[in-house]
Amino acid sequence: MESLRIGRIGFANCTPIFRALEEDEEAGGLSFVRGVPTELNKKLREGEIDISPSSSFEYLANQELYGFLPDLSISSIGEVASVLLFSKVSLERLDGAKVALTPASATSVALLKVILEGMKGIKPEYVTVSEGGEALLLIGDEALRAAKAGAYPFVYDLGKLWLDQTGDPFVFALWIARRDRYAEKPEAFRKLYRRLIAARQRAYRSFARYAADAEEAKWLGVEELVEYWQTISYDLTAWHLRGLENFAREAEKLGLIEKLLPLRPLDVA
């Protein structure tokens, strides 16, 4: 098959899908480029990679440039466990307080702003992690490690806050590709899509096996890693898409994205 360069987020939430994909005997022709979500967003935008499980916010902010694979995402239906706001004070007391934002995720930063400002009327001062503050937004393995350390009296799971406010899943990442790249090699994308669907189903059946020798289990624990993976939804149903559209409307209200267009998956089925 034609070669595709695939962004690979080096967080525990992506491990099962990539492990399952690597077990596919026909997965030749794929190369992987590692990075945190914001790095992969930039590589997608500039054409350095062909496709990636990347920030849903990146897609929403550049809908004319991108499409996404149907049926696949990295989402939560309630608690996600790895997108967390750590705070020295209760949520209501963050109005006017300094909140430090991770540089690793555009989606999680936008989600925090939507929840605090758009839904709860809380308007903090956003600062960098190095500046510090009353609260700190972390994602991925950093968030899992910080939660395990238990250094903050208040910990808010953004997936749970979103579900409590909306009743919908939250789509943190989509499998995003530039439409011009898809047009250049549509059959390669179709084959990858079929392999990813199969990999997702294999991953759901293999959490315990993958956790037994996973690097993340060395610091999180095997049982805890399996429990974490079980909180993640790798699907993209109509319910997920409703949540994504809701997020887009709220982000538009705050001026985080310019305009909301109809969601347009790639024609790979």
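Q: How many cavities of 30 Å³ or more does the structure hold?

A: Rolling a probe the size of a water molecule over the atoms shows where empty space is left. In this structure, which is a predicted model, there are two cavities of 30 Å³ or more.

Q: How much space lies in the largest cavity, and which residues lie nearest its centre?

A: The largest cavity holds about 200 Å³ of space. Its lining is made up of 19 residues, and nearest to the centre lie Phe 11, Asn 13, Pro 37, Ile 139 and Phe 172.

Q: Which helices and strands each supply at least two residues of that lining, and how do its residues divide by class?

A: At least two lining residues come from each of the strands β3 (51–55), β4 (66–76) and β10 (170–178), and likewise from the helix α4 (106–119). Sorted by class, the lining of the largest cavity has ten nonpolar and nine polar residues, while no charged residues are found in it.

Q: What is the volume of the second largest cavity, and which residues line it?

A: The second largest cavity has a volume of about 60 Å³, and among the residues that line it are Cys 14, Phe 18, Leu 72, Trp 175 and Tyr 234. Both α1 (15–22) and β4 supply at least two residues of this lining, and the largest share, three residues, comes from β4. By class, the lining of the second largest cavity has eight nonpolar residues, one polar residue and no charged residues.

Q: How much space lies in the largest pocket, and what classes of residue line it?

A: About 150 Å³ of space lies in the largest pocket, and its lining has four nonpolar, two polar and three charged residues. Included in this lining are Leu 60, Glu 64, Ile 257 and Lys 259.

Q: Turning to the strands, in what order do the five strands of the open sheet lie?

A: The order is β7-β6-β8-β5-β9, and the pairing in this open sheet is mixed. The edge strands are β7 (125–128) and β9 (154–157), each of which pairs on one side only. On average, neighbouring strands of the sheet are turned by 25 degrees against each other, if direction is ignored.

Q: In which sense do β6 and β7 pair, and which residue in β7 is the bridge partner of Val 99?

A: Strand β6 (residues 98–101) pairs with β7 in the parallel sense, over four bridges. The bridge partner of Val 99 in β7 is Tyr 126.

Methods
Residues are numbered from 1 along each chain as its sequence is written. This is a predicted model: local features need pLDDT of at least 70, side-chain atom pairs count only at pLDDT 80 or more; totals for chains, interfaces and linings use all residues. Side-chain values use heavy atoms; hydrogens and water are left out. Two strands pair if DSSP finds at least two bridges between them. Axes are lines fitted to C-alpha atoms, for helices over the stretch in contact, and angles run from 0 to 180 degrees between N-to-C directions. On a 1 Å grid over the protein atoms alone, a cavity is a set of points where a 1.4 Å probe fits but cannot get out, and a pocket is an open set with protein on both sides within 12 Å along at least five of seven lines; lining residues have an atom within 4 Å of a point. Grid points are joined across faces, edges and corners, and a volume is the space filled by probe spheres set on the points. Ala, Val, Leu, Ile, Met, Phe, Trp, Tyr, Cys and Pro count as nonpolar, Asp, Glu, Lys and Arg as charged, and the others, Gly among them, as polar.
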